[in-house]
Amino acid sequence: MDARATATPFSTLIRTASHEAHTEAETSTFMSDLLGGRLGVDAYARYTEQLWFVYRALEGAADRLTDDPVAGPFIRPELFRTPALERDLEHLRGPGWQDGAVPLPATAAYADRVAECARTWPAGYVAHHYTRYLGDLSGGQIIRDKAERTWGFARKGDGVRFYVFEGITNPAAFKRGYRELLDRVNADDLEKQRIVDECKRAFAFNTAVFRELGEEFPLSA
């Protein structure tokens with residue numbers, strides 16, 4: 001579908017145009033095995049560590065983009081995940097966990113692209129912002145539930161705080177408001193098409209991270 005089809009709300013367009021790439025990412029063999037309980041908590045901790053690198057890039061640039069006409073409306077502190085990730089990782093890995101934190105090559109490439117967009121292309125930053133946070137508020141809640149059941153984390157406690165948005169009391173309403181922001185994004189049709197393409201690229205980065213995690217934690221028999 002072409003992003004120039006302006007009769008279609010942009011939030012709908014971006015969701016449908018990136019659906020295939022999104023599905024590929026969320027049905028990766030690593031994630032399927034993790035959610036199926038066939039991998040240990042160490043694999044979950046390694047995945048959480050990779051998220052930390054991505055969110056540091058995403059949120060480290062937020063202050064600089066607050067006044068940007070394109071990205072600025074999307075900068076919402078109640079979405080920020082880095083502090084929660086750090087609390088989870090301290091629970092999972094113990095004090096000093098940062099000393100051993102190492103990004104996978106795919107994670108490093110992903111974080112670098114997020115940082116590059118933040119520096120040079122705010123509309124591209126919006127693409128990464130959308131793919132991460134809307135995913136956390138939706139499918140991420142399935143991961144939280146599975147992690148609590150599989151590894152015995154306290155409900156919405158340490159280990160799964162990344163998925164708990166304490167500042168968002170009504171996630172459904174928040175997501176509706178976010179999609180309305182997308183529909184009003186300060187971009188022409190050509191730029192919207194570029195945002196759609198960057199969303200697909202973001203999901204491809206996620207797929208690559210999952211692939212490398214799968215190589216590190218081979219599937220159980």
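Let's start with Gly 94, which takes a positive phi of about 95 degrees just after helix 6. Helices here are DSSP runs of H or I, at least four residues, numbered from the N terminus. One caution: this is a predicted model, so local features need pLDDT of at least 70, side-chain atom pairs count only at pLDDT 80 or more, and totals for chains, interfaces and linings use all residues. Residues are numbered from 1 along each chain as its sequence is written, and side-chain values use heavy atoms, with hydrogens and water left out.

Back to helix 6, then. It covers residues 82-93, 12 residues, and reaches 16 Å from its first C-alpha to its last, close to the 16 Å expected at 1.5 Å a residue (that is 1.5 Å times one less than the number of residues). Which of its residues are buried? They are Thr 82, Ala 84, Leu 85, Asp 88 and Leu 89, where buried means under 20% relative accessible area with a 1.4 Å probe, protein chains only. Look down the axis of helix 6 and these buried residues fall within an arc of 155 degrees, so they line one face; the arc is taken from the directions from the axis to the C-beta atoms. What covers them includes helix 4, residues 41-60, and contact means heavy atoms within 4.5 Å.

Next up, Arg 113, in helix 7 (residues 105-120). Is Arg 113 buried or exposed? It's buried, with a relative accessible area of 12%. Leaving aside neighbours within four places in sequence, Arg 113 is in contact with Trp 121, His 128, Glu 198, Arg 201 and Phe 205.

Now the spaces inside. A cavity, on a 1 Å grid over the protein atoms alone, is a set of points where a 1.4 Å probe fits but cannot get out; a pocket is an open set with protein on both sides within 12 Å along at least five of seven lines; lining residues have an atom within 4 Å of a point. The largest cavity has a volume of about 60 Å³, counted as the space filled by probe spheres set on the points. Helix 4 gives the largest share of its lining, 4 residues.

The largest pocket has a volume of about 570 Å³. Of the 25 residues lining that pocket, the closest to its centre are His 22, Glu 26, Gly 135, Gly 139 and Gly 140. Which helix gives the most to the lining of this pocket? That's helix 8, with 6 residues.

Terms used. Helix = DSSP H or I, 4+ residues; strand = E, 2+ residues; numbered from the N terminus. Buried < 20%, exposed > 50% of the residue type's maximum accessible area, 1.4 Å probe, protein only.
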